[in-house]
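Student: I would like to learn how to read the packing of helices. Where should I begin?

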Amino acid sequence: MTLLEKLKQIPQFVKVPSDQLKWLLDKSECLSIRKGACLFEPGSSIDHLFIVMVGDFIIRLQKNNQLKTIGEMKSPAISGLLPYSRADVAKGFGEATSDAEVVVLDGKHFREMICDCHELTTALVHEMSSRIRQFTKREQLDDKMLSLGKLSAGLAHELNNPSAAVVRSSKALSKHLKFLPEKFKDVVKIQMTDEKINRVNQLLFDKLAKGIQKISLLDRGKKEDELIDWLSYAGFEDPDDVVDNLIDYGFELSDLEQIGEDTPTEHQPPVINWINQVLSTERLVVEIEHASQRINDLVSSVKRYTHMDQAPEKVKTDVHTGLDNTLTMLNHKIQDNEIKIEKNYGENLTMPEILPSAMNQVWTNILDNAIDAMEESEERTLNIKTEASSNYFKVEIKDTGSGIPDEIKDQIFDPFFTTKPVGKGTGLGLENVLQIVKIQHQGLINVESGPGKTVFTVCLPL
């Protein structure tokens, strides 16, 4: 089979007249590429059209000092310079994974091709459009995966502490409860009137109802001395085992003296031990309850953030809830960077009809960029303000970061433009913000920036 016949079998060239394909071959040269050799390398000029007739190539990009495979070309394939393309320099390696044959057309012949070979030009322009769509989809997917990775890391970080607390407290509670049968033997030997038992019970329940009390170190030290002296006098061999619990729950010396009046001397240690066991059990149960509630709150925030149980349609939505859920998702970064959050939410505002999940992407991108911008700042304050007029619901997000240089301010919403290092941003975050606010919601977005202050203002129509 001739080379011309092989060209006509390539799907992109099926409708291209033979004379135009012959013109392509006459102006081209055929290169043989050995396995392991590169068709192009980073920094090489994109000034030739490549048509891979035989063999396969992988596209590898260097990220974080590592080569990452981002695509492949299986013959037949079209690559390199295309008509009206603005690409000028290769970003990665095109490495042959087998011996290959490539038809190469110098870009200097493109003007002649555009004038004389309309069908060939059209086929190549269609190929360029397909390439752009595929590239955009891949970059958008990378951006979403990057955002998902950040949120996943943040959620894992936030869940780690309460889940560890549940495990720790449940183990301690299990160990603690094993001692109760032994302590119970001492308790059942006690002979007290119902009236005295009720007084001790009432004292204990009053302390449990008030919960753990905050106390200064100075007052704590004074109470420790008083309670340890009483407990030692009452026959406790190691009063340090119970004194911390008693102080945390607000027991005073007068409370122990009341217990002493109602309890026979030889039974005072068992009664205090029983009280300590109840206090310890309560403490561990409360810790488990609080940690479990924190986990439940985080899961609820994720559900509200993603709106995964709702149809993707515009509904009247409390924007403040979306902002708060987004802050919850980014809380680990806020804490790590010691950022102060100021909320100036307007009251009784009319809420807009929005796509909740899409708008949460907007808040995530803007707030995440603001947090990153403050990494090197001495003052780190993030201020969120909301207000409403007759026409718009306005959200103003202000940070004290380094600001956006004037020379790039007009480019921040451009696709693939980013000032972040490789691996931290794809340049699609703010482009998505613009699409969601202006196209999906017919809203407005404005940016004002200077050293030490950047303000993003989002206006959503009412």
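Tutor: Begin with the word contact: two residues are in contact when heavy atoms lie within 4.5 Å. Keep in mind that this is a predicted model.

Student: Which residues in H7 meet which residues in H9?

Tutor: From H7 they are Glu226, Leu227, Trp230 and Leu231, and their partners in H9 are Leu253, Leu256, Glu257 and Gly260. Sorted by class, this contact of H7 with H9 has 5 nonpolar residues, 1 polar and 2 charged.

Student: How is the geometry of such a pair described?

Tutor: The angle between the axes and the distance between the axes describe two packed helices. Here, H7 spans residues 217-233 and H9 spans residues 253-262; their axes come within 9 Å and cross at roughly 15°.

Student: Are H7 and H9 roughly parallel or oblique to each other?

Tutor: Angles under 35 degrees count as roughly parallel, and therefore H7 and H9 are roughly parallel to each other. Their crossing is right-handed.

Student: What angle do H11 and H13 make?

Tutor: H11 and H13, the latter covering residues 356-373, pack at about 50°, and their axes are 9 Å apart. The crossing of H11 and H13 is right-handed.

Student: Which residues form the contact between H11 and H13?

Tutor: On the H11 side, Val319, Gly322, Leu323, Thr326 and Leu327 take part, and they meet Asn360, Trp363, Thr364 and Leu367 of H13. By class, the contact of H11 with H13 has 5 nonpolar and 4 polar residues, with no charged ones.

Student: Is H11 mostly covered or mostly open?

Tutor: A residue is called buried when its relative accessible area is under 20%. H11 runs over residues 319-329 and is mostly covered, with 9 of its 11 residues buried. Among the buried residues of H11 are Val319, Gly322, Leu323, Thr326 and Leu327, which also meet H13. His320 is another buried residue of H11.

Student: What lies at the start of H11?

Tutor: There, a side-chain oxygen of aspartate 318 comes to within 3.0 Å of the backbone nitrogen of histidine 320.

Student: How many helices and strands does the chain have?

Tutor: The chain has 14 helices and 15 strands. Of its 462 residues, 41% are buried. Among contacts with a separation of 6 or more, 77% join residues 24 or more positions apart.

Terms used:
Residues are numbered from 1 along each chain as its sequence is written. This is a predicted model: local features need pLDDT of at least 70, side-chain atom pairs count only at pLDDT 80 or more; totals for chains, interfaces and linings use all residues. Side-chain values use heavy atoms; hydrogens and water are left out. Axes are lines fitted to C-alpha atoms, for helices over the stretch in contact, and angles run from 0 to 180 degrees between N-to-C directions. Helices (H or I, at least four residues) and strands (E, at least two) are DSSP runs, numbered from the N terminus. Angles under 35 degrees count as roughly parallel, over 145 as roughly antiparallel, 65 to 115 as roughly perpendicular and the rest as oblique. A crossing is left-handed if the near helix is turned anticlockwise from the far one by less than a right angle, and right-handed if clockwise. Ala, Val, Leu, Ile, Met, Phe, Trp, Tyr, Cys and Pro count as nonpolar, Asp, Glu, Lys and Arg as charged, and the others, Gly among them, as polar. Buried means under 20% relative accessible area, exposed over 50%, partly exposed in between (1.4 Å probe, protein chains only). A polar contact is a pair of N or O atoms within 3.5 Å; within protein, one must be able to donate a hydrogen and the other to accept it, and residues adjacent in sequence count only if both atoms are side-chain atoms.
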